[in-house]
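Dear colleague,

Please find the structure below, together with a summary of what was found in it. I would be grateful if you could read the two side by side.

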Amino acid sequence: MLAKRIIPCLDVTAGRVVKGVSFVELRDAGDPVEIARRYDEQGADELTFLDITASSDDRGIIFRIIEQVAEQVFIPLTVGGGVREVQDVRNLLNAGADKVSINTSAVVNPQLVADASARYGSQCIVVAIDAKQTAPNKWEVFTHGGRKATGLDAVEWAKKMQNMGAGEILLTSMDKDGQKSGFDLALTRAVTDALEIPVIASGGVGNLQHLADGVKLGGADAVLAASIFHFGEYTVQQAKQFMAQQGIEVRL
Amino acid sequence: MVDIAVVDYGMGNLRSVQQAVRKVAPNADIAVTGEAAVIASAGRVIFPGQGAAPDCMREIRSRGLDRVISDVIREGKPFLGICMGLQVLFEHSEEGDTPCLGVFSGQVRRFASGLSDAQGNKLKVPHMGWNQVHRGVNPQLPQGVETVALPPTGGKLEGGTTPEHPLWSGIEQDARFYFVHSYYVEPRDPGLVQATSDYPRPFVCAVAKENLFAVQFHPEKSAAAGLKLLQNFINWNPA
């Protein structure tokens, strides 16, 4: 049976892994290549790197990091942040990424998702959605690292992205991100039920029960977490064992 | 002449395959190449591929690689197909109604949408993630695949005596490999089937015949089990 995936997420800026609370207050977590290797050893199913570098001068750093990780770690690598055109997708794939995550640019130019998917296959195009609750069972898509409202409904937007060729949705609750109080399960459930493609739940994991809830209650195909792994609270292996005890199929 | 040619026809990311092969064969001369002459003279050939079947076939044909692929398979060179490199070996793909290379008879079909697992959760397409690879022929293969007997040269019956294919050496039965695909192969000849996986019904995820081995999953992204399979391929000397 297909296993539910656990995906540690590495937010990278200026060559370091950092972690913020609700998209601000960054805290240093270490060297990305070292951290990637550690999670691979712990049995991570995939790794996601988000380049949150503000300055375009530092754009080259993520390529060197991905190149180094891809030489040592043989699990799928997703890279996102600053992807604006098909050429950016190509460059990241050439550096060793297996999937490229597109967020703001998908909103600015939805055709990018269609073009990149047609060129490289939907299997390598992840659309990242940052969503904020605006009313009961209503979530709005935000872009530019959560700073800009779009007026788009998150569930409708996810469906549109699926239809334009996304192979997977990385769904982050901005309300929950960094709060350590668990995923926005209603959001996760609403999006996963509306789609045929896999959904990765993100934002809010503070303990292992939260990961299990994302799968069992949220219906997520994969769960993504950062700080619970970065700061040594839990290993990926512990997370998997916990999920297995809850009857969730995982790769042990 | 290179030791290992990774066939490049412009579809998808070959860097991962190259890196993984380099990891298991650090001293080998590896070429990622679309040149027929280099492929024809290589010691062994890896045929990966990602993307949609119509694009893959168009690129393979426009680069004149269809001929050399058939030739190296026929000549007995060790050949490993991965993902699209498995699918396009068959006659026809439902994806874009595409005629393929026809090395084997059989079809490539799409996973039905709207299926659920035993817990009632919707099964997503693409089938993406780590799934178990079960060696031998699953007796419950879906319609269209007649699997009544195992071939004398491949697979192993439960408790049987047929030697297992060398590419599985050192890999546990039902080990998990990383998959990402929306289509699967349905070989007409059950004797080709090396392994199946379930989603939710069994589908064929590995085939073999003589010097050819081809898998639906991505060994280059399947951690230790995947590297082991690649290493077995590098060391494989089919009779």
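How many disulfides does a search of the whole structure find over all chains? The search, carried out on what is a predicted model, returns zero disulfides.

The cysteines give the reasons. A disulfide requires two cysteine sulfur atoms within 2.5 Å. For C124(A), the closest cysteine sulfur belongs to C83(B) and lies 11 Å away, which is too far for a bond. C83(B) is likewise in no disulfide, since the nearest cysteine sulfur to its own, that of C56(B), is at 8.5 Å. Both C124(A) and C83(B) are buried: the relative accessible area is 1% for C124(A) and 5% for C83(B).

Turning to chain A as a whole, its secondary structure consists of ten helices and twelve strands. The C-alpha trace spans about 45 × 45 × 40 Å along its principal axes. The radius of gyration of chain A is 16 Å; a compact globule of 252 residues would have one near 18 Å, so the two agree.

Of the 252 residues in chain A, 58% are buried. Where contacts in chain A link residues at least 6 apart in sequence, 66% of them join residues at least 24 apart.

As for the surface, chain A has an accessible area of about 9,200 Å², and carbon and sulfur atoms account for 46% of it.

Yours sincerely

Note on methods
Residues numbered from 1 in each chain as written. Chains lettered and ligands numbered in written order. Predicted model: local features only at pLDDT ≥ 70, side-chain atom pairs only at ≥ 80, totals over all residues. Heavy atoms only, no water. Helix = DSSP H or I, 4+ residues; strand = E, 2+ residues; numbered from the N terminus. Rg over C-alpha atoms; globule rule 2.2 N^0.38 Å. Buried < 20%, exposed > 50% of the residue type's maximum accessible area, 1.4 Å probe, protein only. Contact = heavy atoms within 4.5 Å. Areas by Shrake-Rupley, 256 points an atom, 1.4 Å probe, with all protein chains shown as cover.
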